[in-house]
Amino acid sequence: MEIICQSKAHGGIQGVYRHQSAACACPMTFAVFVPPHNRGQKLPVLWYLSGLTCTHANAMDKGEYRQLAAELGLVIVLPDTSPRGPDVPDEPDNWKFGCGAGFYLDATEAPYASNYRMATYIGEELPALVAEHFPVDMARQGIFGHSMGGHGAMIMALNNPDRFRSCSAFAPIVAPSVADWSQPAFEKYLGNQTTWRRYDATALVEDGRRFDDFLIDQGTADSFLETGLMPWRFEEACKTAGQRLTLRMQEGYDHSYNFISTFMDDHLRWHAERLR
């Protein structure tokens with residue numbers, strides 16, 4: 001693991017790192033904030049998954065999580081959103097597909113299957129690396145994210161309920177199988193629609209998957225609300241299935257990090273209560 005940079009923040013260390021990923025067949029960059037702690041102490045870890053067009057840097061620079069994470073004793077891990085590099089197949093003029101738009105799934109269709117294996121990367125490879133190099137208690141993990149990353153967090157929690165103790169999301173894509181900005185990507189990554197449901201939070205709940213509880217914040221002024229996010233689809237599936245959900249419609253907020261940073265402390269406290 002290569003250290004790109006490290007700096008002190010709120011008594012802890014914010015670092016950016018790079019390693020050669022076997023899952024994605026390319027170098028991958030990620031960020032980790034480690035709060036102040038005693039030598040030998042193992043801390044709960046919270047994974048934050050970013051949205052379309054983003055990298056680890058968006059939340060690191062604009063998420064405003066470090067002060068409270070330091071107070072609560074939470075390690076925050078921020079992976080990249082997709083594989084990157086000259087040998088990774090991409091559509092540079094399409095922000096909804098390719099590099100920056102991995103959708104946290106394992107692609108099955110050529111030529112994407114060799115690199116776009118973000119489900120395996122987030123689910124297996126990166127956790128093993130983090131456990132090796134950072135003071136984390138892997139028995140206390142939570143996950144959250146924004147937009148495409150909210151989708152990723154929710155499907156990771158539903159597919160791995162024994163790994164995560166908590167899950168929340170900011171403006172998640174809750175039904176990517178039918179959303180306008182994810183359906184074309186699913187077609188290219190996954191092909192046959194019979195495989196799509198394992199990467200769709202609404203479909204997973206409909207098919208019997210359960211998680212302890214979800215928190216979702218959604219802005220009412222979000223320009224993607226009607227055709228891309230559609231939180232009412234997940235809400236209806238949860239009501240039918242008896243799945244616990246707290247959905248908060250936040251008046252006047254849009255899809256930006258101004259929205260995310262406003263409610264970041266709420267989400268950190270939500271996770272901290274469940275990761276104690």
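Start by selecting helix H4, residues 148–159: it lies across strands E4, E6, E7 (164–170) and E8 (214–219), and runs at about 140 degrees to E6. A word on those labels: helices (H or I, at least four residues) and strands (E, at least two) are DSSP runs, numbered from the N terminus. As for the angle, axes are lines fitted to C-alpha atoms, for helices over the stretch in contact, and angles run from 0 to 180 degrees between N-to-C directions. Contact here means heavy atoms within 4.5 Å.

Before you go on, keep in mind that this is a predicted model, where local features need pLDDT of at least 70, side-chain atom pairs count only at pLDDT 80 or more, and totals for chains, interfaces and linings use all residues. Residues are numbered from 1 along each chain as its sequence is written, and side-chain values use heavy atoms, with hydrogens and water left out.

**The sheet**

Now select the strands. Nine of them form an open sheet with mixed pairing, and if you walk across it the order is E1-E2-E3-E5-E4-E6-E7-E8-E9. Strands E1 (2–9) and E9 (245–250) stand at the edges with a single partner strand each, so one side of each is left without a neighbour in the sheet. On average, neighbouring strands of this sheet are turned by 20 degrees against each other, direction ignored. Two strands count as paired if DSSP finds at least two bridges between them.

**Strand E5**

Zoom in on E5, residues 75–79. What are its neighbours doing? E3 pairs with E5 in the antiparallel sense over four bridges, while E4 pairs with E5 in the parallel sense over three bridges.

Next, show the side chains. In a regular strand the side chains alternate between the two faces of the sheet. Here Val75, Val77 and Pro79 point one way from E5, Ile76 and Leu78 point the other way, and all are buried. Buried means under 20% relative accessible area, exposed over 50%, and partly exposed in between (1.4 Å probe, protein chains only). With five of its five residues buried, E5 is largely enclosed by the rest of the structure.

**Strand E6**

Move across to E6, residues 136–146, which pairs with E4 (residues 43–49) in the parallel sense over six bridges. Val45 is a handy thing to click on: its bridge partner in E6 is Gln141. E6 also pairs with E7 in the parallel sense over six bridges, and there you can find Gly145 with its bridge partner in E7, Ala169. Eight of the 11 residues of E6 are buried, so this strand too is largely enclosed by the rest of the structure.

**Ile260**

Select Ile260, which has its place in helix H9 (residues 257–275). Is it buried or exposed? At 0% relative accessibility, Ile260 counts as buried. Not counting residues up to four places away in sequence, Ile260 touches Tyr48, His146 and Phe170. For a distance to draw, take the C-alpha atoms of Ile260 and Leu245: 15 residues apart along the chain, they are separated by 19 Å.

**Helix H3 and the largest pocket**

Go to helix H3, residues 118–133, lying across E2 (12–21), E3 (26–34), E4, E5 and E6, and running at about 120 degrees to E2. H3 and H4 each supply at least two residues of the lining of the largest pocket, with H3 giving the largest share, four residues. That lining has 13 residues, and Ala119, Gly123, Met156, Asn160 and Arg198 lie nearest the pocket's centre. The lining divides into five nonpolar, four polar and four charged residues.

On a 1 Å grid over the protein atoms alone, a pocket is an open set of points where a 1.4 Å probe fits, with protein on both sides within 12 Å along at least five of seven lines; lining residues have an atom within 4 Å of a point.

**The second largest pocket**

Finish at the second largest pocket, where the lining includes Ala175, Arg197, Asp200 and Glu236. Helices H6 (201–206) and H8 (231–241) are the elements that give two or more residues to this lining. H6 gives the most, with three residues.

Note on methods
Ala, Val, Leu, Ile, Met, Phe, Trp, Tyr, Cys and Pro count as nonpolar, Asp, Glu, Lys and Arg as charged, and the others, Gly among them, as polar.
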